[in-house]
There are 4 protein chains.
Amino acid sequence: MGNSLGKKFVITSFGESHGRCIGIVIDGCPAGLAITGKDIQVELDKRKPGNVTASTKRVEEDKVDILSGVFNGHTTGAPVCLAVWNEDVKSESYEKSKDLLRPGHADYAAFIKYGGYSDYRGGGRFSGRNTAGFVMAGAIAQKLLDIIDVKILAHTVEISGIKTNSRSLISAETIENNPLKCVDAKATQKMLAAIELARKEGDSLGGIIEGIALNVPAGLGQPIFDTMEGELAKALFAIPAVKGVEFGAGFAVSGMKGSENNDAFRIKRGAVITETNNSGGILGGISNGMPIVVRAAVKPTPSISRKQETVNIDKMENAELEIKGRHDVCIVPRAVPVVAAMMAITLCDFALQAGIIPEVIK
Amino acid sequence: MGNSLGKKFVITSFGESHGRCIGIVIDGCPAGLAITGKDIQVELDKRKPGNVTASTKRVEEDKVDILSGVFNGHTTGAPVCLAVWNEDVKSESYEKSKDLLRPGHADYAAFIKYGGYSDYRGGGRFSGRNTAGFVMAGAIAQKLLDIIDVKILAHTVEISGIKTNSRSLISAETIENNPLKCVDAKATQKMLAAIELARKEGDSLGGIIEGIALNVPAGLGQPIFDTMEGELAKALFAIPAVKGVEFGAGFAVSGMKGSENNDAFRIKRGAVITETNNSGGILGGISNGMPIVVRAAVKPTPSISRKQETVNIDKMENAELEIKGRHDVCIVPRAVPVVAAMMAITLCDFALQAGIIPEVIK
Amino acid sequence: MGNSLGKKFVITSFGESHGRCIGIVIDGCPAGLAITGKDIQVELDKRKPGNVTASTKRVEEDKVDILSGVFNGHTTGAPVCLAVWNEDVKSESYEKSKDLLRPGHADYAAFIKYGGYSDYRGGGRFSGRNTAGFVMAGAIAQKLLDIIDVKILAHTVEISGIKTNSRSLISAETIENNPLKCVDAKATQKMLAAIELARKEGDSLGGIIEGIALNVPAGLGQPIFDTMEGELAKALFAIPAVKGVEFGAGFAVSGMKGSENNDAFRIKRGAVITETNNSGGILGGISNGMPIVVRAAVKPTPSISRKQETVNIDKMENAELEIKGRHDVCIVPRAVPVVAAMMAITLCDFALQAGIIPEVIK
Amino acid sequence: MGNSLGKKFVITSFGESHGRCIGIVIDGCPAGLAITGKDIQVELDKRKPGNVTASTKRVEEDKVDILSGVFNGHTTGAPVCLAVWNEDVKSESYEKSKDLLRPGHADYAAFIKYGGYSDYRGGGRFSGRNTAGFVMAGAIAQKLLDIIDVKILAHTVEISGIKTNSRSLISAETIENNPLKCVDAKATQKMLAAIELARKEGDSLGGIIEGIALNVPAGLGQPIFDTMEGELAKALFAIPAVKGVEFGAGFAVSGMKGSENNDAFRIKRGAVITETNNSGGILGGISNGMPIVVRAAVKPTPSISRKQETVNIDKMENAELEIKGRHDVCIVPRAVPVVAAMMAITLCDFALQAGIIPEVIK
């Protein structure tokens, strides 16, 4: 259990990094949505390893395969199963070092939980490759959100401690045109330099991704437990490297006074808005009509080529580990479309729960 | 919907700040647990407004009332319903200002979601008083965790930007003996001064709470969606003022290299441990046997006595608001036992799912 | 776990026969529904023991107490908690015979499951009294169904093997005016005679209840697992004495040919109808616009005054049991409003899922 | 939504009759279970159309394809995805008559629910072919139940009103060796004659299937809503043709007295048993250690070759329909392994919930 997410737009994930495929079943997708493989492929391609951030050499291109739920170019109301077949799989290296717990990876926790039966090849079930399924489901969720004009933008706001400015430039285009999915050209240069250095050192870098959802209607969220913050956070923590999630002012609230943090309500063009958005568009666990703003902290990829201390779990003795083969120096840019996908999936679920997106699309 | 949490230890919350009661139903509590009202009352008392942080004048003492599920001093396996009856309720002031949206509160979001039918008295369903139910359920969860020796400590680590040190002093006693639930005496003095100043200014202060769970066995958590991080975060975001949640190194991972952030595995006294705990005891969404460490950012109480700009939602025009009556200057210390409760509830649920806590306690 | 039912209109039951109360929390009730205690009391009163069927002497009148979720005469969107306080509780007799397993009751199964910690007084958690909670929730569900004109009628169609005819007379009035909730006056006479005889013999009688839902729109139900049949059946099997559930032609399909059982579609006044209704208004797990027809088999009350063979579970030896005190000779008529309630709860949940009943009632 | 079943052993179904495949994802399967394609294929083969009951000419053999969750011959704890690829698909006939609602089928209900976007080819999502997924999941559930020695036997007890006797002969062998999965040779002859006649008449026949689960430990089931009866019934109603479900004495309880229906408890070889089993092994929604006995009424296949009256949904006018092509005269024998599968899935889920089957198989 634990591989399904959502109440009305329910995604169920399956597959492993070096198994047959990575798949996702979407249950609760309204009927009548026009969808093609191309719609999904566009999103999937955003997740491809970039030239600047990766040493990754996996040559395969992830191609979506629609297994069910789409007929005559439209969703049918039946579960939509989407898969990406694994092809360029080289598992030998994992075979050799399978008893050496990789620091920062799930190896040990999974070993205990699953009694040593986990598929260890390429991280198996814990691989970032599973996020390909999230992105495919997110593509469909975004198509549904298009109906109510909700637009999601995710972008890199920090890598290796280097912060961005210039948020005024945020747009889908500026994000996609930047190799680090960052809208600040100046910061990008510094980040690229840091990445280059880390690559040389056989090391990796972390960062922070910000997601923004525009035009989210007020009233979404199910307090007091299934809150907008709670469900978004839960969805984002499903991304392997995420270790923190904050909304609006986030952790900075600690240094703020109530008079600073409270967003004053005002009437603007006949609508209620807030002058600031420290709440990140969420009050009482419910969207308030302002942009939803969330940030996720992404840890540096644990796979590094530097030698590391660890344990041989079979022999129960200390050991050393050197991980060869492909790995990303900085996963942050590749995680950007995944953050957008998890936001789309969560917001789509809430919108369906509220009946704002209908059960049949005409 | 949205008022239940958990899979096997399922809590369902009901009640309003100025209604009849605050209640919680616990479904899935094993049979045979020895429990008395006093066990629960002890925890409830930790949530009482303190002298130093509050202007609160609600004189009532929250007294637990066990409505079901306990027989002859033991749980029966049937749902345990616990309630606190509201007695010192003064709702007149809310009546007068009911159309003035309180900045930082759920008023507007709830108005839209529930079409103006919400109980607005004292925040109604969105009041921090609901956390009394969380604490009652947490008391039972902690009793269950005692069986497997899991111990939870929550403490204040930041108020108004003032950070604590001296974490080596953390213990249940040092926390409870400090008026701010903070183990750093020096920081406490500075925090108290900041609170005193904010009180005079009619303002409020935010902070950060850290929760630590000791002796959590490796293997708890249900990836890839019902992860340890995801479920803890979701539970913590149910606390009204929480705006950020991070684990282990948290947002600081952005500035770390993989070689710094990775926790090296080592054998120690025949067991696998990690030398550092940047992961906060969680890898791949599963506990790894190290202490679970989580931090929650608590925004300054939105109820402040200073005049604020807002909107009259009935007249749809700009207005000013002055909130009289009781309110906390700094909610952080009162939220500390609530953080502990949400952790206990979540960990207890995972332990029951894994069969580590049995269905009948002997 | 297991004490909650529903996806969007979620009821959570708590309480015991001889505990403090019987309660129900309804999560997901739309805001703005006008509701009074009287609306609920009317339904609760239908569940009262009748003069003709019971030897029951419990004098207390079940009075609904609204604990949360209703403000200014309307639901608020918050959980509605309803309780009936237990007052006329005499538990001594249960104390004496607590080790004697009552045949046909849950005693043994519960003893094993809950390790002997169950509340055995009056059946405790397994008492038919819990259905008072169902009826209270059903009253609210029916008020919601009124909005879309769905009407539910349940009536007795068989007692002690005596079958009714005259279904053409079915109406709320004819049902309520009959002491056995049976619309066939002739059959009623025979049933009453059978009941009188069973009373003298210290025995009890079973029967069959039919529930009919009119005006259910086509399209409700969530195949392939959360079907209309599956969810209605699950809800009805929560009534302690129910041992069978069938829809439309039900078990009689075994003797029918496809050409007999298939309901021919026809156009009637511009709408698609079926000429017969062997499907009971459900095809493919989805309502088809015809009346939903379900029947539930109700076993004879296991509590009988005749001496019975059983086991002393403490001594693990054979024993004899004589149950004194109140009990119903024929529970069937009292179960009729409970069948109606479970249907209302289930249909209301489906209607909310489909967005046919809105989240705010204006 | 609605395409997942279970709490801890959660199956998610996808696929259509004439789409790419029929698939099932099993989430919550313990790690370490030895499983091969052959184990699953054996069960799948039991669902093949028989020579005696079918006019079915679909030549393809359903071959299981394991897509995830199995590694080195054992389950890994990750979701197990199993698929059967559709190959011998002839959809032309469906194209021609797609506007003619097939009586007894889901066509109309689905048309309304999904706005005309359903895949109508071969019943699409509502086809009995989906039960291939159930059987594959059931094969794994049964392997898990083997660990605790629970054995499930399902067999035909009625076809076309012809009842079986000789239940003493029930065994896996006698069932599998009979062309109708019926252990009564004499009844089988009569049933075969009835089937032959129906075939000539272009008609179809219904029946009743009985499922028995042996060695189910007492204490399984989650009252008061997630009862053993309720969950088994819900699972069985997911089989397209099932219109009634009863336990133990079932609908016959209506004609029984309490003194007849109550199963007397006795001590036998140191254990508590009941002398009769009218309860079908379930009291208070919990298993009591006796065999679980359930019966499901299976309606005659709605697809018959006789001319039928219906409606053209596009033109909204009355019409006639003749269904050509393959169809079963009597689906009952093919539904027998499906009943067994749904029982296995449900019992396995309860056993996992209770911790009786461990999370890792050694």
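Mentor: Let us begin with one pair, bearing in mind that the model is predicted. B:Gly244 stands opposite B:Ala297 in β16(B).

Trainee: To which strand pairing does that belong, and over how many bridges do β11(B) and β16 of chain B pair?

Mentor: A pair of facing residues is read as part of a pairing between strands. Here β11(B) and strand β16, residues 292–298 of chain B, run antiparallel and are joined over five bridges.

Trainee: Is β11(B) covered or exposed?

Mentor: For this one counts the buried residues along the strand. β11(B) is mostly covered, with six of its six residues buried.

Trainee: Which strand of chain A pairs with β11 of chain B?

Mentor: A strand may also pair across a chain boundary. Strand β11 of chain A (residues 242–247) pairs with strand β11 of chain B (residues 242–247), in the antiparallel sense and over three bridges. In this pairing, A:Val245 has B:Val245 as its bridge partner, while the partner of A:Gly244 is B:Glu246.

Trainee: How many residues of chain A are in contact with chain B?

Mentor: One counts the residues on each side, then sorts them by class. Chain A has 86 residues in contact with 86 residues of chain B. On the side of chain A that touches chain B, there are 38 nonpolar, 32 polar and 16 charged residues.

Trainee: What rotation superposes chain A on chain B?

Mentor: Two copies of a chain are related by a rotation about an axis and a shift along it. In this model, a rotation of 180 degrees with 0.0 Å of shift along its axis superposes chain A on chain B, at an RMSD of 0.0 Å. That is the relation of a two-fold axis.

Trainee: Why is it said that the copies meet through the same surface?

Mentor: One compares the lists of interface residues. Of the interface residues of chain A, 100% are also interface residues in chain B, so the copies meet through the same surface.

Trainee: How many residues of chain A are in contact with chain D, and which element supplies the largest share?

Mentor: On the side of chain A that touches chain D, at least two residues come from each of β2 (10–15), β3 (21–27), β4, β6 (74–75) and α3 (107–114) of chain A. The largest share, five residues, is supplied by β2(A). By class, this side of chain A has 14 nonpolar, 17 polar and eight charged residues.

Trainee: In what order do the five strands of the open sheet in chain A lie?

Mentor: In chain A, the five strands form an open sheet in the order β1-β2-β3-β7-β4, with antiparallel pairing. At its edges stand β1 (4–5) and β4 (64–68) of chain A; each has a single partner strand, so one side of each is left without a neighbour in the sheet. The pairing of β4(A) with strand β7 (residues 80–85) of chain A is antiparallel and has four bridges; within it, A:Val64 has A:Val84 as its bridge partner.

Trainee: What does chain A look like as a whole, in its secondary structure and its extent?

Mentor: One ends with the totals. Chain A has nine helices and 18 strands, and its C-alpha trace spans about 70 × 50 × 35 Å along its principal axes. Of its 362 residues, 66% count as buried. A compact globule with 362 residues would have a radius of gyration near 21 Å, and the 21 Å of chain A agrees with this.

Terms used: Residues numbered from 1 in each chain as written. Chains lettered and ligands numbered in written order. Predicted model: local features only at pLDDT ≥ 70, side-chain atom pairs only at ≥ 80, totals over all residues. Contact = placed C-beta atoms within 7 Å. Nonpolar A, V, L, I, M, F, W, Y, C, P; charged D, E, K, R; others polar. Pairing = 2+ DSSP bridges. Least-squares fit on C-alpha atoms with pLDDT ≥ 70 in both. Buried ≥ 20, exposed ≤ 12 C-beta atoms within 10 Å, placed from the backbone. Rg over C-alpha atoms; globule rule 2.2 N^0.38 Å.
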